[in-house]
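Colleague: I'd like to learn how to read a few features off this model. Could you walk me through them?

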Amino acid sequence: MAGRIPEDFISEVRSNVNIVDVISQYVSLEKKGKDYIGLCPFHQEKTPSFTVNADKQFFKCFGCGKGGNVFKFLMYKDDLTFPESVERVAEFAHIAMPNGYGHNSGTKLNPLMQMHQDAVDFYHRVLLTTKAGERGMQYAQKRELDQEILDHFKIGYAPKADNVLITYLRSKGYQDDDLAQSGLFVQARDGQLYDRFRDRLMFPLDNENGRTIGFSGRRISDDKTEAKYMNSPETEIFTKSKVLFHFAEAKKAARGEGHLVLYEGYMDVIAAYKAGVKSGIASMGTSLTDDQIYLLRRITPNIIINYDGDDPGVHAEERAARMFNKDGNFNLGIVVLPEKLDPDEYVKKYGAEKYLEEVKGALTPTDFFLKRLEQKYNLDNDREKIAYLGEAVKEIAQVRNPVEQDMYTEKLAKSSGVSIASLKANLAKERRRNNRARNHVRNSQRNSPDYPIDAPLPGDEDVPTEQSVVEKNPSQTRLLYLFIHSTDAQKYMLEGQFHFPNQDFETLAQDWLKYAETHENPQIDGFLDFIPEQLQGIIVDAEMAQMPKDSTIQEVDALVLALKRRNIYSRLNELQAQLQDAKRKNDAQGIIAITQEIIGLKRILG
């Protein structure tokens, strides 16, 4: 069994990656000054408060408080142990783990995750190499899924028999308790487990990191009494509302293509992939969720929706567009394919090049909604035309950008033969009505007897409600920063026998001395891995505060004096309370002793 990973190897891995590059796989970061800013991957927020500093190689969310170095990020994000996070970063840096560590040492994933990986390999092998898989391969070829596609999407086949997968996984040592929790099997009344997926083409469903956590099985038979698609049930590792098909691969492609394309089904994603759209994703056969929208917004604001071109598909696009617009932070495009075709059908009929043109020509949400409105009214009838214009103005009033509002108002005026002035007058009325409605909602919530006094109002969810340890101790934070980064300041504090009033700060100062003694070139990002987890936040907050490393003895003296005075005032308050208590009890000796201590402390204050 392998021991601790050598510290010099950990340092090598840490120094060979840029934390910005690693976190960019999970969060769309925008450079602002020295820092990179994005939406926090650990909690939902509307205003970006997640900050990454490339110089210090730290991240910090000023909303939820999480922070640390590159290893800590992966520990939080992917629920990894420290050794697992080191291995993941080493993979990113293309550095081989030392002998006896990592995958070669027998380290395994969470049992359910490992089980799903084994199931992926099993189904894929059945499809490609066995006689039982010939039926699945015939269907795959019928759907024009070639070897490259089958490999890229890890597609497999679940045979008709009801005990093939369970027999295989039992042979690999999995216990029935874990098998029953995996979602891969159904349990009969007598407790027996049977394969859930049978005679289906199997599509692995991966999490954000590309680890398989569930499956969707496509029916091969013509038996319409069976569902066309069967998904894994929700488990400890799989929540449908938080998963997007092909997301792990698509988010990488989004950096080059400049957007993500949202589809209705897996075959649409695959058809688009074959046509050259590598950034395609799809929800799990359910309606789009807020969790999925937030997942997308962390990666890119540029989203193109391309659902099926039939009426249900267009209606679903409308619902999805409303959800994205409600969030308000997206540059949205909408593709409505002609002849009510879905993307798979369109590519097969017109080819990849024509399809790419459709994607490039995506409509804005407002254009999409206005075209939908046109289809609902007979514009040759004046009464219906007036109703249409009223609805169109309401739609334009939802647009937040004044330039866009003017553009759509002008287009509407030209297409309808109505003056721009009259439309703008109606638009102004609609905007006032919307503002009144929003204010009414906010005031109603604020005045509601059931609304918590300290609860944030809509739009205010990102406001921090509690100070951090560092915010409560600014003087100690500055002194600790100087203790670590300034040899002169550290020497001065040690010679003066200074001790931090807060025990956590004192522990960190002592830990830094131990760390510096045992490391030839002590670095703050390495120190973070040396100290207890509950203290790491103090170091991260101090580092992210952008303090100057230079100081003077006068500054240190002033900070130390300020802390001493604060402690004295705190002690005086305690003594005043004790004095009142002694007087109440007529404790003459106690009154004298307390009074003498108060006088002594006041002399120190001067």
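Colleague: Which helix gives the most to the lining of the largest cavity?

Modeller: A cavity is a set of points on a 1 Å grid over the protein atoms alone where a 1.4 Å probe fits but cannot get out, and lining residues have an atom within 4 Å of a point. Here α11 gives the most, with four residues. Helices are DSSP runs of H or I with at least four residues, strands are runs of E with at least two, and both are numbered from the N terminus. This is a predicted model, where local features need pLDDT of at least 70, side-chain atom pairs count only at pLDDT 80 or more, and totals for chains, interfaces and linings use all residues. Residues are numbered from 1 along each chain as its sequence is written, and side-chain values use heavy atoms, with hydrogens and water left out.

Colleague: How much space lies in the largest cavity, and which residues line it?

Modeller: A volume is the space filled by probe spheres set on the points, with grid points joined across faces, edges and corners. The largest cavity holds about 30 Å³. Its lining includes Met267, Ile270, Ala271 and Lys274, along with Arg143 and Asp344. Both α11 (266-275) and α14 (343-350) supply at least two lining residues each. By class, the lining has four nonpolar, no polar and four charged residues; Ala, Val, Leu, Ile, Met, Phe, Trp, Tyr, Cys and Pro count as nonpolar, Asp, Glu, Lys and Arg as charged, and the others, Gly among them, as polar.

Colleague: Is α11 mostly covered or uncovered?

Modeller: Buried means under 20% relative accessible area, exposed over 50%, and partly exposed in between, with a 1.4 Å probe and protein chains only. In α11, nine of its 10 residues are buried, among them Tyr266, Met267 and Ile270. Just after α11, Gly276 takes a positive phi of about 115°.

Colleague: Which strands make up the antiparallel one?

Modeller: That open sheet has the order β1-β2-β3-β4-β5. Strands β4 (residues 58-61) and β5 pair over two bridges, with Lys60 opposite Gly67.

Conventions. Two strands pair if DSSP finds at least two bridges between them. On a 1 Å grid over the protein atoms alone, a cavity is a set of points where a 1.4 Å probe fits but cannot get out, and a pocket is an open set with protein on both sides within 12 Å along at least five of seven lines; lining residues have an atom within 4 Å of a point.
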